[in-house]
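Let's take a friendly walk through this structure, from the whole chain down to a single residue. Please have the sequence and the 3D view open as you read.

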Amino acid sequence: MISFILLALLNGLCIGASRAINGRLGSHIGAFPTSWWNHAVGFALLSALLLLTPGSTPALLETLHSAPLLSYAGGVIGVLFVALNSHVLARIGTTRTAVLVISGQMVTGVLLDFHGQWHTSTLAQLAGVALIVMGIYLSRRPVKPAASLATR
(Lines give C-alpha, C1' and ligand atoms only; values in the text may rest on other atoms or scores of the structure.)
Protein backbone atom coordinates (compact mmCIF):
# COMPACT_ATOMS: atom_id res chain seq x y z
CA MET A 1 0.00 0.00 0.00
CA ILE A 2 2.83 2.41 0.81
CA SER A 3 4.23 2.02 -2.71
CA PHE A 4 0.90 3.18 -4.19
CA ILE A 5 0.83 6.15 -1.84
CA LEU A 6 4.36 7.09 -2.87
CA LEU A 7 3.50 6.69 -6.56
CA ALA A 8 0.44 8.93 -6.11
CA LEU A 9 2.62 11.51 -4.36
CA LEU A 10 5.19 11.30 -7.17
CA ASN A 11 2.35 11.73 -9.67
CA GLY A 12 1.26 14.88 -7.85
CA LEU A 13 4.80 16.23 -7.99
CA CYS A 14 4.95 15.53 -11.73
CA ILE A 15 1.60 17.24 -12.30
CA GLY A 16 2.67 20.28 -10.29
CA ALA A 17 5.93 20.60 -12.22
CA SER A 18 4.13 20.06 -15.54
CA ARG A 19 1.59 22.77 -14.68
CA ALA A 20 4.31 25.27 -13.88
CA ILE A 21 6.32 24.45 -17.02
CA ASN A 22 3.24 24.56 -19.28
CA GLY A 23 2.04 27.76 -17.61
CA ARG A 24 5.33 29.48 -18.31
CA LEU A 25 5.31 28.25 -21.92
CA GLY A 26 1.66 29.31 -22.22
CA SER A 27 2.51 32.88 -21.24
CA HIS A 28 5.02 32.98 -24.13
CA ILE A 29 3.26 31.15 -26.97
CA GLY A 30 -0.39 30.83 -25.88
CA ALA A 31 -2.53 28.12 -24.31
CA PHE A 32 -3.39 25.99 -27.34
CA PRO A 33 0.12 25.93 -28.85
CA THR A 34 1.39 24.93 -25.39
CA SER A 35 -1.15 22.12 -25.24
CA TRP A 36 -0.12 21.00 -28.73
CA TRP A 37 3.59 20.86 -27.80
CA ASN A 38 2.81 19.12 -24.52
CA HIS A 39 0.89 16.37 -26.29
CA ALA A 40 3.22 16.12 -29.30
CA VAL A 41 6.26 15.58 -27.09
CA GLY A 42 4.29 13.19 -24.87
CA PHE A 43 3.11 11.25 -27.91
CA ALA A 44 6.65 10.97 -29.25
CA LEU A 45 7.99 9.73 -25.90
CA LEU A 46 5.18 7.25 -25.37
CA SER A 47 5.48 5.97 -28.95
CA ALA A 48 9.21 5.37 -28.47
CA LEU A 49 8.59 3.56 -25.17
CA LEU A 50 5.93 1.36 -26.74
CA LEU A 51 8.15 0.51 -29.69
CA LEU A 52 10.99 -0.42 -27.33
CA THR A 53 8.77 -2.61 -25.13
CA PRO A 54 8.58 -6.15 -26.52
CA GLY A 55 5.05 -7.30 -27.36
CA SER A 56 3.36 -3.96 -26.69
CA THR A 57 2.44 -3.10 -30.30
CA PRO A 58 0.01 -6.03 -30.87
CA ALA A 59 -1.59 -5.40 -27.48
CA LEU A 60 -1.95 -1.69 -28.31
CA LEU A 61 -3.64 -2.43 -31.63
CA GLU A 62 -5.99 -4.90 -29.94
CA THR A 63 -7.12 -2.29 -27.42
CA LEU A 64 -8.11 0.12 -30.19
CA HIS A 65 -11.00 -2.16 -31.12
CA SER A 66 -12.04 -3.32 -27.67
CA ALA A 67 -12.27 -0.02 -25.77
CA PRO A 68 -15.65 1.77 -25.66
CA LEU A 69 -15.78 4.92 -27.79
CA LEU A 70 -16.40 7.13 -24.74
CA SER A 71 -13.03 5.99 -23.35
CA TYR A 72 -11.26 8.18 -25.88
CA ALA A 73 -12.88 11.32 -24.45
CA GLY A 74 -10.05 11.31 -21.91
CA GLY A 75 -7.72 12.56 -24.63
CA VAL A 76 -10.01 15.47 -25.42
CA ILE A 77 -10.31 16.33 -21.74
CA GLY A 78 -6.53 16.07 -21.37
CA VAL A 79 -5.95 18.57 -24.17
CA LEU A 80 -8.45 20.99 -22.62
CA PHE A 81 -6.87 20.52 -19.18
CA VAL A 82 -3.41 21.48 -20.42
CA ALA A 83 -4.71 24.42 -22.47
CA LEU A 84 -6.93 25.81 -19.71
CA ASN A 85 -4.25 25.34 -17.09
CA SER A 86 -1.65 27.07 -19.29
CA HIS A 87 -4.02 30.01 -19.78
CA VAL A 88 -5.05 30.40 -16.13
CA LEU A 89 -1.72 29.77 -14.40
CA ALA A 90 -0.05 32.83 -15.90
CA ARG A 91 -2.90 35.01 -14.64
CA ILE A 92 -3.60 33.80 -11.09
CA GLY A 93 -0.37 32.05 -10.14
CA THR A 94 0.84 28.52 -9.58
CA THR A 95 -0.49 27.94 -6.06
CA ARG A 96 -3.99 29.26 -6.67
CA THR A 97 -4.25 27.38 -9.94
CA ALA A 98 -3.08 24.14 -8.33
CA VAL A 99 -5.47 24.45 -5.39
CA LEU A 100 -8.43 25.31 -7.61
CA VAL A 101 -7.64 22.42 -9.97
CA ILE A 102 -7.39 20.06 -7.00
CA SER A 103 -10.70 21.43 -5.70
CA GLY A 104 -12.30 20.72 -9.07
CA GLN A 105 -10.86 17.21 -8.97
CA MET A 106 -12.30 16.74 -5.48
CA VAL A 107 -15.77 17.88 -6.61
CA THR A 108 -15.55 15.49 -9.57
CA GLY A 109 -14.51 12.66 -7.26
CA VAL A 110 -17.39 13.35 -4.87
CA LEU A 111 -19.86 13.44 -7.78
CA LEU A 112 -18.49 10.24 -9.33
CA ASP A 113 -18.61 8.46 -5.96
CA PHE A 114 -22.13 9.74 -5.29
CA HIS A 115 -24.58 6.87 -5.76
CA GLY A 116 -27.89 8.67 -5.35
CA GLN A 117 -27.84 8.91 -1.56
CA TRP A 118 -26.46 11.71 0.55
CA HIS A 119 -24.15 10.52 3.28
CA THR A 120 -22.48 12.43 6.06
CA SER A 121 -19.15 11.81 4.32
CA THR A 122 -20.48 13.29 1.05
CA LEU A 123 -21.56 16.48 2.80
CA ALA A 124 -18.25 16.63 4.69
CA GLN A 125 -16.30 16.27 1.45
CA LEU A 126 -18.32 19.03 -0.23
CA ALA A 127 -17.83 21.24 2.84
CA GLY A 128 -14.09 20.59 2.63
CA VAL A 129 -14.01 21.68 -1.01
CA ALA A 130 -16.04 24.80 -0.14
CA LEU A 131 -13.56 25.67 2.63
CA ILE A 132 -10.62 25.31 0.23
CA VAL A 133 -12.27 27.58 -2.34
CA MET A 134 -13.20 30.10 0.40
CA GLY A 135 -9.58 30.06 1.59
CA ILE A 136 -8.39 30.92 -1.90
CA TYR A 137 -10.94 33.74 -2.10
CA LEU A 138 -9.88 35.13 1.28
CA SER A 139 -6.18 34.91 0.44
CA ARG A 140 -6.82 37.10 -2.59
CA ARG A 141 -8.31 39.98 -0.62
CA PRO A 142 -5.90 42.71 0.53
CA VAL A 143 -5.00 42.51 4.18
CA LYS A 144 -5.61 45.63 6.22
CA PRO A 145 -2.81 46.35 8.68
CA ALA A 146 -3.86 45.94 12.29
CA ALA A 147 -3.88 49.10 14.36
CA SER A 148 -0.94 49.13 16.72
CA LEU A 149 -1.53 49.32 20.45
CA ALA A 150 0.70 52.41 20.67
CA THR A 151 -1.71 54.48 18.55
CA ARG A 152 -4.75 53.69 20.67
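Predicted model: local features only at pLDDT ≥ 70, side-chain atom pairs only at ≥ 80, totals over all residues.

## Contacts along the chain

## Overall build and shape

What pattern does the protein chain follow when you read along the sequence? The answer is α-α-α-α-α-α, with six helices and zero strands. The radius of gyration is 21 Å, well over the 15 Å that the globule rule gives for 152 residues, so the protein chain is more spread out than a compact globule.

How much of the protein chain counts as buried? Of the 152 residues, the share is 13%. The protein chain exposes about 11,800 Å², and carbon and sulfur atoms supply 74% of that area.

## Annotated transmembrane regions

An unreviewed UniProt entry lists "transmembrane region" for residues 36-57, 69-90 and 118-138. Two of these stretches can be set beside the model. Over residues 36-57, the chain is 86% helix and 0% strand, and the C-alpha atoms at the ends are 24 Å apart. Over residues 69-90, the chain is 82% helix and 0% strand, with the end C-alpha atoms 34 Å apart.

## Where H1 meets H4

Two packed helices are described by the angle between their axes and the distance between the axes. Here, helix H1 covers residues 2-29 and helix H4 covers residues 73-92. Their axes come within 8 Å and cross at roughly 70 degrees, which means that H1 is roughly perpendicular to H4.

Which residues make the contact? From H1 come Arg19, Ala20, Asn22, Gly23, Gly26 and Ser27. H4 contributes Phe81, Val82, Asn85, Ser86, Leu89 and Ala90.

## A look at Ser121

To finish, find Ser121 in helix H6, which runs over residues 120-140. Why does Ser121 count as partly exposed? Its relative accessible area is 45%, and partly exposed covers what lies between the buried cut-off of under 20% and the exposed cut-off of over 50%.

Val110 makes a handy reference point for Ser121. The two residues are eleven residues apart in sequence, and their C-alpha atoms are 9.5 Å apart in space.

Technical notes
Residues numbered from 1 in each chain as written. Heavy atoms only, no water. UniProt positions renumbered as here; feature names shortened; annotations may be inferred. Helix = DSSP H or I, 4+ residues; strand = E, 2+ residues; numbered from the N terminus. Rg over C-alpha atoms; globule rule 2.2 N^0.38 Å. Buried < 20%, exposed > 50% of the residue type's maximum accessible area, 1.4 Å probe, protein only. Areas by Shrake-Rupley, 256 points an atom, 1.4 Å probe, with all protein chains shown as cover. Axes fitted to C-alpha atoms, helices over the stretch in contact; angles between N-to-C directions. Parallel < 35°, antiparallel > 145°, perpendicular 65-115°, else oblique. Contact = heavy atoms within 4.5 Å.
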